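Below are some numbered notes for a colleague who has not looked at this structure before. Please read them with the model open.

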Amino acid sequence: GARLVIFGYNAVLDHIAWITAPSGPFYVGSEFNLTGGQVMAYYKDGSTSDVTDSCTFDPIAGTVLDYSGEMTVTATYTDKQGNIANADTAITVFGLDSIEITALPDNTEFNEGSSYDFSGVVATAHYGDGSTVDITKDCVFSPADGSTAVYGTDIVTVTYTPNTGTTASTSFGITVIKLA
């Protein structure tokens, strides 16, 4: 009788290799993802198989990248016979250079005792590859958005801490009007 042969199923695993590395870009403080990454298995009979979806990865997707520079990503594949193969690729994680306020809040003047409302403010991170990312939602404002306006306050400090050991700050001016 005829025999159905599924390539790679009964073949002996030789090795795996990254065909394309995860594409990024990757930034300190962002989550690692495998977008664009592809891993191929090579068998001793000459057949190949895309095994990306069957691999485990280190770091795993969703891991917060906590340092800049080159980082190794390891793919591990276990075939149907229990043979294990690993392959490494490198990605570059870009560090945070600075942050800046690229749009002031809709209102920078507050009456003493009213609530600060920093709607419209945009904080932008600058990374080592020259790219920029809107990080407003990840920043801490001091005084805090929604807190009570205090006379004499004229600076709002904006701090971004994408991960332990990395922080950047900037500020913008406000006016608090003293009520009679």
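1. Lys44 is exposed, at 57% relative accessibility; here buried means under 20% relative accessible area, exposed over 50%, and partly exposed in between, with a 1.4 Å probe and protein chains only. Its salt-bridge partner is Asp14, with the closest N and O atoms 2.9 Å apart. A salt bridge is counted when a side-chain nitrogen of Lys or Arg is within 4 Å of a carboxyl oxygen of Asp or Glu. Asp14 lies in strand S1 and Lys44 in the loop between strand S3 (38–43) and strand S4 (48–50), so this pair ties together parts that are 30 residues apart in sequence. Asp14 is partly exposed, with a relative accessible area of 40%.

2. On the basis of these notes: this is a predicted model, in which local features need pLDDT of at least 70 and side-chain atom pairs count only at pLDDT 80 or more, while totals for chains, interfaces and linings use all residues. Residues are numbered from 1 along each chain as its sequence is written, and side-chain values use heavy atoms, with hydrogens and water left out.

3. How many salt bridges does the rule give? The count is three. One of them joins the side chains of Lys178 and Glu112, at 3.8 Å from N to O. Lys178 lies in the segment after strand S15 (175–177) and Glu112 in the loop between strand S9 (109–111) and S10, so the pair ties together parts that are 66 residues apart in sequence. Glu112 is partly exposed, with a relative accessible area of 25%. Lys137 and Asp138 also meet through their side chains, at 3.3 Å from N to O. Lys137 is exposed at 72%, and Asp138 is partly exposed at 41%.

4. An open sheet of three strands runs in the order S8-S10-S11, with antiparallel pairing. Strands S8 (96–103) and S11 (132–134) stand at the edges with a single partner strand each, so one side of each has no neighbour in the sheet. The twist averages 30° from one strand to the next, taken between N-to-C directions on a scale from 0 to 180 degrees, with axes as lines fitted to C-alpha atoms (for helices, over the stretch in contact). Six antiparallel bridges pair S8 with strand S10 (residues 122–127); Ala103 has Val122 in S10 as its bridge partner. Strands (E, at least two residues) and helices (H or I, at least four) are DSSP runs numbered from the N terminus, and two strands pair if DSSP finds at least two bridges between them.

5. Another open sheet of three strands has the order S12-S13-S14, and its pairing is antiparallel. The edge strands are S12 (139–142) and S14 (166–173), each with a single partner strand, so one side of each is left without a neighbour in the sheet. Here the twist averages 20° from one strand to the next. S12 is joined to strand S13 (residues 155–163) by four bridges, and Cys139 has Tyr160 in S13 as its bridge partner.

6. Are the cysteines Cys139 and Cys55 buried or exposed? Cys139 is buried at 11% relative accessibility, and Cys55 is buried at 10%. The structure holds zero disulfides, a disulfide being a pair of cysteine sulfur atoms within 2.5 Å.

7. Pro22 lies in the loop between strand S1 (13–20) and strand S2 (26–27) and is buried, at 6% relative accessibility. Its C-alpha atom is 4.8 Å from that of Gly36, 14 residues apart along the chain. Leaving aside neighbours within four places in sequence, Pro22 is in contact (heavy atoms within 4.5 Å) with residues including Phe32, Leu34, Gly36, Thr89 and Ile91.
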